[in-house]
Amino acid sequence: MSLKVNVVYRKTEKKDREAIAEFIEKHYSSSWECDSESMVRRLCRLYFYDYMINGSQMYTAEYRDQTVGVIAATKNGGSRVAPVYRLKRLYTLLRLKMTKEGRLNLDNLKQKKEMENELLTAQSGLKGSRILFFYVEKNYCRNGIGTELLKMLEKEEADGLYACLDQTEHADFMKKHGFRKVSQREKMMEINKRRFRETVSLWQNE
């Protein structure tokens with residue numbers, strides 16, 4: 001049988017959380033300006049806690065009892081109660097603020113989120129769900145897994161989908177699946193005397 005036949009698509013369960021945390025670390029680890037691996041992991045955990053709090057719609061791809069892909073979205077900015085994750089997020093945030101490196105990266109993250117909010121505020125007519133995180137394990141790409149995960153979300157959300165993408169996201173995949181770039185924000189940032197251009201764009205399916 002082909003890989004496509006053996007993949008199971010379902011709502012995300014508690015047993016998937018460890019794999020999702022690993023996916024997030026793989027995806028975002030190069031986004032930070034850090035010398036310490038523990039600092040990188042801590043920063044990536046912030047994203048994990050945010051997605052666990054805000055991800056009201058989450059689907060997983062499973063192959064031979066292994067989580068190989070995930071898509072997470074939020075409906076109208078809603079969030080779960082998730083007291084444990086909120087506490088863990090607060091604790092991680094406090095730990096990061098205790099170091100200069102942590103504060104610099106948090107400031108970068110804050111500016112990036114401000115850019116996203118500017119994009120979303122400018123498009124007041126946005127409807128549907130916002131995709132927060134979308135990932136397929138590298139060894140399982142090009143097997144239609146990402147397409148099927150996106151379809152599951154599209155079936156649930158009749159009002160459409162949208163996403164804010166930065167340079168690390170797969171814009172070509174989104175374009176291939178009917179998304180178009182609505183607007184974009186760019187800003188020069190600096191961490192540890194290294195200047196770089198941060199770009200965030202808003203994509204919406206047609």
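Modeller: H3 and H4 are roughly antiparallel to each other. Please bear in mind that the model is predicted.

Colleague: At what angle do H3 and H4 pack?

Modeller: Helix H3 covers residues 37–54, and helix H4 covers residues 83–97. Their axes are 9 Å apart. Angles over 145 degrees count as roughly antiparallel, and the pair H3 and H4 is therefore assigned to that class. The packing angle is about 150°.

Colleague: Which residues of H4 meet H3, and is the crossing left-handed or right-handed?

Modeller: On the H3 side, the contacting residues include Met39, Leu43, Leu46, Tyr49 and Ile53. They meet a set in H4 that includes Tyr85, Arg89, Thr92, Leu93 and Leu96. The crossing of H3 and H4 is left-handed.

Colleague: Which strands stand at the edges of the sheet?

Modeller: The sheet is open, with seven strands of mixed pairing in the order E1-E2-E3-E4-E5-E7-E6. Each edge strand has a single partner strand, so one side of each is left without a neighbour in the sheet. From one strand to the next, the twist averages 25°. The edge strands are E1 (8–11) and E6 (179–191).

Colleague: What is the bridge partner of Ile131 in E5?

Modeller: Strand E4 spans residues 129–136, and strand E5 spans residues 161–165. The two pair in the parallel sense over three bridges. In E5, the partner of Ile131 is Ala163.

Colleague: Which strands does helix H5 touch?

Modeller: H3 lies across E2 (57–63), E3 (66–75) and E4, running at about 130° to E4. Helix H5, residues 100–122, also packs on the sheet, and its direction makes about 150° with that of E6. The strands touched by H5 are E4, E5, E6 and E7 (194–205).

Colleague: How many disulfides does a search of the whole structure find?

Modeller: A disulfide requires two cysteine sulfur atoms within 2.5 Å. The sulfur of Cys34 has its closest cysteine sulfur in Cys44 at 8.8 Å, which is too far for a bond. For the sulfur of Cys164 the closest is likewise in Cys44, at 19 Å, again too far. The number of disulfides found is zero.

Colleague: Is Cys164 buried or exposed?

Modeller: The limit for a buried residue is under 20% relative accessible area. Cys34, with 18%, is buried. Cys164 has a relative accessibility of 10%, so Cys164 counts as buried.

Methods. Residues are numbered from 1 along each chain as its sequence is written. This is a predicted model: local features need pLDDT of at least 70, side-chain atom pairs count only at pLDDT 80 or more; totals for chains, interfaces and linings use all residues. Side-chain values use heavy atoms; hydrogens and water are left out. Two strands pair if DSSP finds at least two bridges between them. Helices (H or I, at least four residues) and strands (E, at least two) are DSSP runs, numbered from the N terminus. Axes are lines fitted to C-alpha atoms, for helices over the stretch in contact, and angles run from 0 to 180 degrees between N-to-C directions. Contact means heavy atoms within 4.5 Å. Buried means under 20% relative accessible area, exposed over 50%, partly exposed in between (1.4 Å probe, protein chains only). Angles under 35 degrees count as roughly parallel, over 145 as roughly antiparallel, 65 to 115 as roughly perpendicular and the rest as oblique. A crossing is left-handed if the near helix is turned anticlockwise from the far one by less than a right angle, and right-handed if clockwise.
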